[in-house]
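Grab a pencil and work through these exercises with the model open beside you. Each task is followed by a solution in steps.

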Amino acid sequence: MSDSMQLLIDLHLPGERQGPGSDACTERAIELAGLDANTPLKIADIGCGTGAASLVLARRLNAQITAVDFLAPFLAELRQRAAAQGLEGKIKTLCASMDRLPFESEQYDVIWSEGAVYNIGFERGLADWRAYLKPGGVMVLSEISWLSDTRPPELEAHWTAAYPEIDTVANKLGVIERQGYSLVDHFALPESCWMQHYYQPMMDRFDAFLAKHGESDEARAIVELEHAEIELYQRHKDRFGYVMYIVRKPA
Ligand code: SAH
């Protein structure tokens, strides 16, 4: 594993989550998706990180969850958290890449992915993962999206470089339709999902992270990048955000 990857793991592993979100928003999506707490469900959580969403799904639903990530240390942490909450019987981890999933077709009632599909792109995730969903199955993806029709140049430049597929909610809904899904619902994550649940706890870890790595240039560069992203968020949070998209594969 590269040194910079190891540094990113070190910074993010202690976090409650590795992207914007909250238990409350995961619960809201469960409700909007109409998932019944009594029906046995097979769920894949793709790009699960340390399992923020998996743990809520396991707590709320009668589910067998396959939690997938390509970073084994995150999965080890997830297993510890699941065991600490008595949820280990409902979650099994799978170390695999989201672009080469060892799944059979029409295996899952639900595919869940918070803050992660951007790694292969929203449209490709919808297209590729469809095969693994049962007919009538539900997919829940959170995806960074423009919340206004116009953007200041610094914001547009940053995010189109970081993620060329960033687009307006209307255009994201177009992609969903083009990929043959019906929209169930969608909602933008509130600011607390970014600041309280993701950025602030990360900022609180910066000093310990830098100290652990002897204030190395590489560690400082990572902190500076995160800082710049956080400042950009604070300046422009009304213009973009994560949107939870809840969609259904036709029966
Ligand atoms: N869903 C979690 C983590 C989001 S961060 C949460 O909301 O907290 C994105 C996650 O995707 C990271 O854990 C990262 O390791 C994982 N990831 C990135 N590229 C991946 C790939 N190609 N295959 C599988 N997982 C990947």
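**Exercise 1: Around Phe 122**

Leaving out neighbours within four places in sequence, Phe 122 is in contact (heavy atoms within 4.5 Å) with Val 117, Leu 141, Glu 143, Tyr 163, Glu 165, Lys 172, Val 175, Ile 176 and Tyr 245. Before going on: this is a predicted model, where local features need pLDDT of at least 70, side-chain atom pairs count only at pLDDT 80 or more, and totals for chains, interfaces and linings use all residues. Residues are numbered from 1 along each chain as its sequence is written, and side-chain values use heavy atoms, with hydrogens and water left out.

**Exercise 2: Strand S8**

Step 1. Strands are DSSP runs of E, at least two residues, numbered from the N terminus, and a pair needs at least two DSSP bridges.

Step 2. S5 (residues 133-146) runs antiparallel to S8 and is joined to it by nine bridges; here Glu 143 sits opposite Val 243.

Step 3. S7 (residues 182-188) is antiparallel to S8 too, with six bridges, and His 186 faces Tyr 245.

**Exercise 3: Disulfides**

Count the disulfides, meaning pairs of cysteine sulfur atoms within 2.5 Å.

Step 1. The closest cysteine sulfur to that of Cys 25 belongs to Cys 193, 3.6 Å away, so it's too far for a bond.

Step 2. For Cys 95, the nearest is the sulfur of Cys 48, at 9.3 Å, and Cys 95 is in no disulfide.

Step 3. The count is zero.

Key. Helix = DSSP H or I, 4+ residues; strand = E, 2+ residues; numbered from the N terminus.
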